[in-house]
Amino acid sequence: MKKKKKFSPGRLVVTIVLVLFILAWVVPSFGVFVTSFRDPADIYASGWWSVLPHRENVKTREITLPDDLDPDQPITIEGYTASFAEWREGIAVTDEKTMQWYGNKRSRRVDVFERKWVGFGANLTLGNYRDVLTGGTITFTDATGNTITREGNNFSSAVMNSIAVSVPATIIPILIAAFAAYAFAWMNFPGRKPLFVMVVALLVVPLQIALIPVLQDFTRWGLTGSFVSMWLAHTGFGLPLAIYLLYNYISTLPRDVFESAYIDGATPFKTFVWLVLPMSVPALASFAIFQFLWVWNDYLVALIFLGDRHRVVTSALASMIGEKGQDWHLLTSGAFLSMLLPLAVFFGLQRFFVRGLMAGSVKG
Amino acid sequence: MREDAVETASSRIFPHTFTIQEAGMVQTDKPVLRVLGLLALVAITVAILAGGFIILQTMQGSKILMTLFAVVWGLGSVALLFFVMNSVAQTMPRKIRSVAVAVVFAGPAVALLFWALVLPTLRTLFLSFFDATGKKFIFIDNYRFAFSDPIMLEAFKNNLLWMVFGTSTCVILGIMISVLVDKSKFEKFIKALIFMPMAISFVGAGVIWKFMYAYKGEGINITEIGLLNAIVVALGGEAQAWLLVPFWNNFFLIAIMVWLQTGYAMVIISSAIKSIPEAIMEAARVDGAEDITIFFRITIPSIMPTIITVTTTILIFSLKLFDIVRVMTGGNYGTNVIANEFYLRQFTYGNSGQASAIAIVLLVVITPVLVYNLREFRSRRTLK
């Protein structure tokens, strides 16, 4: 491991393996990213990798043959002689150049193709994003040239719904859990020990166990399909991990702080708001990112409690896969939109996220 | 510190918690005014909670406005609730005040946990002994279904594939990558790339991989637009509808989970590897140990506890896995899993009894991990 860095077969193998891993991890997302900017008709006609620079036969010119040429005889064009059938197939006159008869015998046209480097020349468009964001009807042309009219996916509304669900469903559990973690760490009350053991036990309980009864409650209270139901559900399901993580942090805060606050006459509430919360920012941030990504990316809870009334991005995307499985221009731009915010949060605050993961991420 | 840390921490800091005499937020000199002020505060809180809820339920029009309102109201109500409850608790007689304050602090969380997880577990257990409508007691019939129905058996078999192959691949790749990138120039960059899918939803990953596996069908002049088929064709193979190939399609779905979760395994394992004291490695090298020997004799044993934690986490994850299967195949073509069957039973067939039984089975399978966690917790106590 601490060897001199010089060339050796071992190092080469390691490098190749790492490059393969990186490709396997990056290429799938990159393909979707590229596709989301391509014209719908192009997407079906060629793979997304064709927008990358590569060598391809490019038509460079057309030769119009004289009208009196008899296509049933061997035809000589620019010094090359072959029958019509051969010309029709296309003839590679050199390594770089191919000539091919266009259409039927009457066209009297020969196209000349040359192998050339092409790249980044594909017509890229933002139209897919416009189409997927809109709530109205959209039209696009498919591979065979048909014009297709579809109901828009109203992804912009789904993004707003996702924000309306995720932001409170991230901050509310943090607030409630921070109060509880402080109580578990620094207060005396009956039943504290068994209650905390319960929190630890609930860390790994699968969500499925709670879905049916909670849905029954929401139905009884008339809450199904509302944002409030999502906040309540995500708060409840996120609390065990939140309390556990924040307890680990808050219980290690220096006791002097609390003693001097106590001597200065601060109530526990004031101590909590003005001392504990500001001092716990790293732990709060760790959990916040964890919970935000979890809520934003959640599909199961949204599917069951929110239904179709306020579709969030995951359910909007999932229903698109079901209804429009082949409309890749909509699917890819929708998928990329759904990843935009979590990826930004992830790359911006990766440090906190990793810390949250380390602290024990056995989420139910 | 082998004692119960929860106990000692608080008694250390607030040895006389019950003597805290400080006033609440709304305390004034006159008790009548104080009570009146408190009542007004409670009334305002209730009004804001109820009013906001009604507005939110009936709100039409601007999505942005509605979202903004939802966010402000949701957060404001919770903060206000804590403030008001604390103010009420502060008016309690001195002797019970400290307990009252503790109840205000821990109460909402405990109540929510009971409502969202503890009671539902019992209610689900109860439901699992009843028929589809939840009216007729049929005892263990639902469990008989869960363990004998061919659909369930197939789901169990597939979950086993997920748990064995998905988990082991994630962990092995995680170890491999952390060891290979350790101390490399591009370590941070490579790890960030492998870790990135953790930020992507399973549904989003579903789109990404559905596109990878895309298949256009038989025929001449068809250009495959899915990368996997394009590679297969370029290598002289025949394009396939990968998600329809019996049995093996499970592995194409498992690949998605590996893609999503290897980053998690890698990050945790990598930090464990970095915490192995350099002196041990150095000593082994001085003794002439090969890299391979060091890996199997020192690295792996040192990070074994971490490997176990990561493995159990991913095991639980693959047991509960739902989104990927739901989005990619809907559980058809022999790819069904337990969590998807749970969803189908409850929401497609409307059989809450059978769905509940499946949920209970999930919980029972996870119980060993739960018990292990509790024992770990008891042995650590300090919860560091």
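Guide: In this predicted model, the domain assignment of chain A gives domain 1, residues 54-118, and domain 2, residues 155-358, and the centres of these two domains, taken over C-alpha atoms, are 66 Å apart. Helix H5 of chain A covers residues 155-186, and its packing partner is H4(B), which covers residues 94-127 of chain B. Two packed helices are described by the angle between their axes and the distance between the axes. For H5(A) and H4(B) the angle is about 125° and the axes are 8 Å apart. Because an angle between 115 and 145 degrees is neither roughly perpendicular nor roughly antiparallel, H5(A) is oblique to H4(B), and the crossing of H5(A) and H4(B) is left-handed. On the side of H5(A), the contact is made by A:Ile176, A:Ala177, A:Phe179, A:Ala180, A:Tyr182, A:Ala183 and A:Phe184, while H4(B) contributes B:Ala102, B:Phe105, B:Ala106, B:Pro108, B:Ala109 and B:Leu112. Sorted by kind, the residues of this contact are 13 nonpolar, with no polar and no charged ones.

If we follow chain B beyond H4(B), the loop between helix H4 and helix H5 (141-148) of chain B holds B:Phe139. Most residues other than glycine have a negative phi. B:Phe139, although not a glycine, has a positive phi of about 55°. B:Phe139 has 10 other C-beta atoms within 10 Å, and therefore counts as exposed, since the limit for that class is 12 or fewer.

Terms used
Residues numbered from 1 in each chain as written. Chains lettered and ligands numbered in written order. Predicted model: local features only at pLDDT ≥ 70, side-chain atom pairs only at ≥ 80, totals over all residues. Domains from an automatic or database assignment. Helix = DSSP H or I, 4+ residues; strand = E, 2+ residues; numbered from the N terminus. Buried ≥ 20, exposed ≤ 12 C-beta atoms within 10 Å, placed from the backbone. Axes fitted to C-alpha atoms, helices over the stretch in contact; angles between N-to-C directions. Parallel < 35°, antiparallel > 145°, perpendicular 65-115°, else oblique. Left-handed = near helix turned anticlockwise from the far one by under 90°. Contact = placed C-beta atoms within 7 Å. Nonpolar A, V, L, I, M, F, W, Y, C, P; charged D, E, K, R; others polar.
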